[in-house]
Amino acid sequence: MKQAYDYSLDHVRLVRAAVERCGLSAPVGFAETPLKTLQKIYNGIGPDRWSSRFRSKVTALLEWFEPEALVHDWEYAYQPKTYRHFTLANVRFAVNCFLAGYRVVDRRHICRGLLLALLCQLFGWSGYKNAEVPK
């Protein structure tokens, strides 16, 4: 079961606003998800198995990927637990990194995002299978 993370509602609101502002791709239902639910889902950047302290440091270093990560965490919680949907979540992360990087004309953002998506695909299957919808 996922735990609550230390992101304020205001922080989650700003991240979700960035998803919309950047025109990122999100599954049906994401935009209607209440902020409190998004707050429970969002764990920053990195897998649940990392300590919250380490993940917090990684998120601080890679904060420009938070909008993509919020959508990604939503998919991990709400999408069917199939390898196909897992792969689609990681492809969407890559596409969103491209969209965000393209808007600011930053190829490094795109390349780093593709690397993060690849790492999720290679090492994230168990986290995807075990992610739950918050109660």
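I take helices (H or I, at least four residues) and strands (E, at least two) as DSSP runs, numbered from the N terminus. The model is a predicted one, in which local features need pLDDT of at least 70 and side-chain atom pairs count only at pLDDT 80 or more, while totals for chains, interfaces and linings use all residues. Residues are numbered from 1 along each chain as its sequence is written, and side-chain values use heavy atoms, with hydrogens and water left out.

**Gly 29.** I looked up Gly 29 and found it in the loop between α1 (9–21) and α2 (35–41). Gly 29 counts as partly exposed because its relative accessibility is 24%, where buried means under 20% relative accessible area, exposed over 50%, and partly exposed in between (1.4 Å probe, protein chains only). I also noted that the C-alpha atoms of Gly 29 and Trp 74 are separated by 9.5 Å, although the two residues lie 45 residues apart along the chain.

**Nonpolar patch.** I then turned to Leu 115, which is placed in helix α6 and is partly exposed, with a relative accessible area of 49%. Together with Leu 118, Leu 119, Leu 122 and Phe 123, Leu 115 forms a nonpolar patch on the surface, with about 500 Å² of accessible area in total. For patches, I used residues with over 30% relative accessible area and no salt bridge, joining like charges within 9 Å and nonpolar side chains (Val, Leu, Ile, Met, Phe, Trp, Tyr) within 5 Å. A salt bridge is a side-chain nitrogen of Lys or Arg within 4 Å of a carboxyl oxygen of Asp or Glu, and accessible areas come from the Shrake-Rupley method with a 1.4 Å probe, only the protein chains shown counting as cover for residues.
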